[in-house]
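Biologist: Could we go through this model together? I would like to begin with the strands.

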Amino acid sequence: MMNKKIAFIGAGSMAEAIISGMVRAEIVDNEKIIVTNRSNRERITRLEQRYQINSMMDKEKLTTDTDIIILATKPYDMEQAIDSIKAYVTTDQLIISVTAGISTESIQELFGIEIPIIRAMPNTSASIGYSATALAAGIHASENHMKEARVLFETIGTTEIVDESDMHIVTGISGSGPAYIYYLVEAMEAAAISSGLDKDTAKSLIAQTILGAGEMLQQSEDTAAALREKITSPAGTTQAGIESLKRNDFQKIIMECVEAARDRSIELGNEK
């Protein structure tokens, strides 16, 4: 267990996913997790009651003696959020941003001091301990700061250290990735139900299929292409499905999907 006080600036779905994962993993005492947002008192009260953490609207009290401040705002709210706390923040504290698109350099400029900053890109699977989180260090973040961040985010899944220049594509892949999988599942469920399969049965089979494929990717030394080829028998059912995907440019569609998310991440950084 970490002996740290952690404050969340922002109380949206990503903040809740991380809080849920942290509480589930018992990484810190619940009373040392504090959440706030700009004005939605009802939202933070709900999080306080659901996870047995603390909420606070007074930004000075929120940041006093806080070890880690997690910025979990929308990109267009970042400047206002930092303005509300920067008078009380010191260089002894660690800032972790989970906001898409905003660079550590931009965040430091908004604080106006040489403070350690780490960018993190988790995903909403954090709430069940299965996030894939990428971490990138700002110029003033030390190895110890990165170790601290890894300890924190490894309680909600796996972590990878990346160059900050790669965070835009990471956002497009693992940050937004769960939504692509859910969208795929929606289509598979619709096909199953239209063919007469019970909805609950379809959901169960598809969910386990996704889990199994993920575990195969994790445990096997084979590439995704090799794993696909192993179950694609010539003239078989799987080949018929794959051929349909090829005719409809499935790979191109997925690549464009990821690239669109990457490009939007870049745009968000430029809109600061």
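Biologist: What do S5, helix H5 and S6 make?
Modeller: They make a right-handed β-α-β unit, with H5 covering residues 104-111. Right-handed means that, with the strands pointing away from the viewer, the path from the first strand over the helix to the second runs clockwise. Helices (H or I, at least four residues) and strands (E, at least two) are DSSP runs, numbered from the N terminus. This is a predicted model: local features need pLDDT of at least 70, side-chain atom pairs count only at pLDDT 80 or more, and totals for chains, interfaces and linings use all residues. Residues are numbered from 1 along each chain as its sequence is written, and side-chain values use heavy atoms, without hydrogens and water.

Biologist: In which sense do S5 and S6 pair?
Modeller: The sense is parallel, over 3 bridges; pairing requires at least two bridges found by DSSP. Ile95 has Ile117 as its bridge partner in S6.

Biologist: And how many bridges join S4 and S5?
Modeller: S4 (residues 68-71) pairs with S5 over 4 bridges, in the parallel sense. From S4 the chain passes through H4 to S5, in a right-handed β-α-β crossover.

Biologist: Are the faces of S5 covered or open?
Modeller: Both are covered: Leu94 and Ile96 on one side, and Ile95 and Ser97 on the other, are all buried. Buried means under 20% relative accessible area, exposed over 50%, and partly exposed in between (1.4 Å probe, protein chains only).
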